[in-house]
Amino acid sequence: MTAETGIGARVKRKEDQRFLTGTGRYVDDLPLARATYAYFLRSPHAHARIKSIDTSKAKAMPGVVEIFTGKDTADAKMGGLICGWVVKDKHGQPHKAPPHPVMALDTVRYVGDTVAMVVANSHDEAKDAAEAIKVDYEVKPSNVDLAKALKGAPEVHAEAPGNLIYDWEIGVKADVDAAFAKAAHVTKLDIVNNRLIPNAMEPRAAAADYDRGTGNYTLWSTSQNPHVLRLILSAFVLGIPEHKLRVIAPDVGGGFGSKIFCYNEETMLTWAASRVGRPIKWTAERAESFMTDAHGRDHVTHAELALDKDGKFLGLKVDTIANMGAYLSTFSTAVPTYLYATLLAGQYTTPLIYANVKAALTHTAPVDAYRGAGRPEATFVIESIVSKAAKELKMDPAELRRKNFIPKEAFPYQTPVALQYDSGNYPPIIDEAMKIADYKGFEARRAEAKSRGKLRGIGFSSYIEACGLAPSQVIGQLGGGVGQWESAQIKFNPTGNVQILTGAHSHGQSHETTFAQIVSDKLGVPLEQIEVVHGDTATTPFGMGSYGSRSLAVGGSAIMKAADKVIAKGKKIAAHLMEASVADVVFENGVFKVAGTDKNVPLGQAVFAAYVPHNYPLQELEPGMDENAFYDPANFVYPAGTQICEVEVDPDTGTVEVIAHTAVDDFGNIINPMIVEGQVHGGIVQGVGQALLENAVYDKETGQLMSGSYMDYTMPRADDVPSFKLGYKVTPCPHNPLGVKGCGEAGAIAAPAAVMNAVHDALVPLGVTHVPMPATPLNVWQAIHGGK
Amino acid sequence: MTISVAMTVNGKSVSGKVEARTLLVQFLREHLGLTGTHVGCDTSQCGACVVHVDGKSIKSCTILACQLDGAKVTTIEGLAPSADKLHPMQEAFRENHALQCGFCTPGMVMSAIDMVKRNNYQLDEKTVRRELEGNLCRCTGYHNIVKAILAAAPAMKSAGV
């Protein structure tokens, strides 16, 4: 049984039946009797003072139930949205924390900022009425340009003078400078990590209801972490006690980070539900998603790498300005610090690293975690500068990497930037990737392409990431406001089937299958007798949700712990039933046995005895079989891998075509290879999207979002990418019970550098040394033609 | 102003009174409760809302319900021949792990079926990728969707669908 459905099996997904037959239930699909519909009026200006809002005409429009503005939230003394991670600057001072009102009070600070909420009998009526609201704005100077944010640009908040949220550092600058003084070669790099818009295919949505009889609120939200959302709404924003607020995240259509955060709209819906007295539904139009979902990346970086005469890395210096947008989103402050600069060792033995990160405000949408969150930015810096150094030193890029890899014997390896890598073995990964990509045959392919007038290039990216967020005490020391453990409950029913309740949340990750496989494997219960329950604060134990590739490493480990408790209790029951000593009972393939005898009790029988305890050691043991576990990881997990991208550039048009893309990863043990491959494919395409297509652009004069629809923001389509070649190497994680790392973000972390290094390699014959990301035909063409 | 519409959806006669501006996708989701057809954008680009109208794939956000009086509409809910048997395209999506969050899936499946038929059950990877121009997926990177469609083409042919 377990060979076909247990750990390592390519089990087809349990969730597919409903998604393939149109019976998935996403927030917008909920039938709510007597529902009203909300529409949010948003700021058309990047920065303006609200002189007045006149809702009188709108209130008289057909179907309008109620209209709320910032004044209503102020009158109700509603709290502001919070940033849950306090980063201390280089002087030990906490970051600047300007207020983040749920509705704009007297000032709007980006195009899309929330100005009024119309509730009506239908979506269309709410939208029509919003158009009739008169807002008198006094437009003020704005700045959307990160490069100018700290150089006297118009201030976003008075509480953050000069737009500086923090000036943070890691490492000892003087030590790194000393290493640079001894260097035989220094490679310098100036790069911009382009701003991205996450674009989960399901737009953000919420529905809220208030029960007058009980005083209970229910919020359905497209959340990656319903318990954390409830905690924030209860403890910081709305003051509704946690036990009176139920948050349900049903089927959620992708998140990629953007659905971690607590947003204005779901907050307003919950608050207004009791005032309106009817359920309220809201689903973002795609244009709203573009404007108001937390964006990702957006760094301006200068980096320098010092090498000795043999190409050994001596030191790395990195200066980064990170865009926070107009308000600090829920975990925004941690992304460019603890999820970025602590990764700057990469896979290498670089002994000395110094990074300075300045977080800046601009009149743009808030920026927060997006697939990879800090780690793609770090990988892009490291892997770009390493490939650039190889070019300058005329070394093979793989050889320079190999020369500097942390050797297998050095694990656990303490980096100079706080992290201790638990396990890894990098050389076999790059070897395997080069084999799969046929690196040896590349020059022949380049020559063949040249004969067709195309410039072919190859690029490497050897990434490391720290995921499986995270050891709570470490997070606490670094300023994080929450624990980062995960919960699990294994609840047997009397007839032997199982519910796994998890605090993690699946919005595409396939937990219903993977988690069931773990329990099937461990307890010998057939897969079809296992149901995974998630996403409802009323039914699942408090949990931290899914992001940072944590669900399996942390949530799966909690499930293993709960399963151990089931086995321990089952042994006692079985020992009683077999009249044996507990110490003599073993558990194998779903059956308790007394070693050396033919006595046995299947797990199902022990479970039944626990629920019908007629013959049961009630004096020593509680009835029932329902075990809880909380698992707090001892360390992050450290997936690593190498991607190799091969591109062809058309020098006449600047068009880049990805011809081949290889990824070899070490994710530790793999539960379901089919699902892991899917995660890698999707991640790579988001990375290719960043490298070649995607760019969130604000107009520098007006602050308008220029890339505000699928006509302007280039999403990767099927014909933008090839099929991929994947491989695996396994070094099990030594500190979690499954030996697993994480696979959700790796593709997106490594791919941008691999693609951009390939583009740069292709353009060497033309003397081009820098192409900005994304390498669109325009950017490539301009690079070829000297910026003309 | 409301307009009466009557059409056949998934083999059943349905009718309703709609506003003139009601889109087919709104009629399906809000009037008929067929929420398998999704809305992922406002500009007719994502393809999550693709259904079949008189046998051809169409983005149900680009057509008004009142334009379809008398039409035969098939949605993702009406595709499987029975409760325990899927359409070969649905089956191929499951076999090849061509879906993750499931949101784009209904539109993908409906587009893919039309694609296979229009190409007379003969497809290659390049054609599939080009033909998927009107459907966005953010999860799968398209790799397994392409694989599934290529696998479904001969399966549809031999199943005679």
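Is helix α1 (residues 24-31) of chain B mostly covered or mostly uncovered? Mostly covered: six of its eight residues are buried. Buried here means that 20 or more other C-beta atoms lie within 10 Å of the residue's own, exposed means 12 or fewer, and partly exposed is in between, with C-beta atoms placed from the backbone. Helices (H or I, at least four residues) and strands (E, at least two) are DSSP runs, numbered from the N terminus.

Before going on, the conventions. This is a predicted model, in which local features need pLDDT of at least 70 and side-chain atom pairs count only at pLDDT 80 or more, while totals for chains, interfaces and linings use all residues. Residues are numbered from 1 along each chain as its sequence is written, and chains are lettered from A and ligands numbered from 1 in the order in which they are written.

Back to α1(B). Its buried residues are B:Leu24, B:Val25, B:Gln26, B:Phe27, B:Leu28 and B:Arg29. They pack against β2 (12-19) of chain B; a contact means C-beta atoms, placed from the backbone, within 7 Å. Just after the helix, B:Gly33 has a positive phi of about 70°.

The loop between α1 and β3 (50-53) of chain B holds B:Gln45. Why does B:Gln45 count as buried? Because 20 other C-beta atoms lie within 10 Å. Leaving out residues up to four places away in sequence, B:Gln45 touches A:Tyr710, A:Met711 and B:Leu136. B:Gln45 and B:Glu133 are 88 residues apart in sequence, and their C-alpha atoms are 8.8 Å apart.

Now chain B as a whole. There are five helices and five strands, in the order β-β-α-β-β-β-α-α-α-α from the N terminus. The radius of gyration, taken over C-alpha atoms, is compared with a globule rule of 2.2 Å times the number of residues to the power 0.38. Chain B has 15 Å, which agrees with the value near 15 Å for a compact globule of 161 residues. Its C-alpha trace spans about 50 × 30 × 25 Å along the principal axes, and 57% of its residues are buried.

Chain A has 21 helices and 28 strands. Its radius of gyration is 27 Å, close to the 28 Å from the globule rule for 788 residues, so chain A is as compact as a globular protein of that length. Buried residues make up 59% of chain A.

How many residues meet between the chains? 43 residues of chain A are in contact with 44 residues of chain B. On the chain A side, α19(A) supplies the largest share, seven residues. By class, that side has 19 nonpolar, 14 polar and ten charged residues. Nonpolar covers Ala, Val, Leu, Ile, Met, Phe, Trp, Tyr, Cys and Pro, charged covers Asp, Glu, Lys and Arg, and the others, Gly among them, are polar.

Last, α19(A) also packs within its own chain. The axes of α19(A) and helix α20 (residues 746-763) of chain A come within 7 Å and cross at roughly 40°. Axes are lines fitted to C-alpha atoms over the stretch in contact, with angles from 0 to 180 degrees between N-to-C directions. That makes α19(A) oblique to α20(A): angles under 35 degrees count as roughly parallel, over 145 as roughly antiparallel, 65 to 115 as roughly perpendicular and the rest as oblique. Their contact has twelve nonpolar, eight polar and no charged residues.

Terms used
Two residues are in contact if their C-beta atoms, placed from the backbone, lie within 7 Å.
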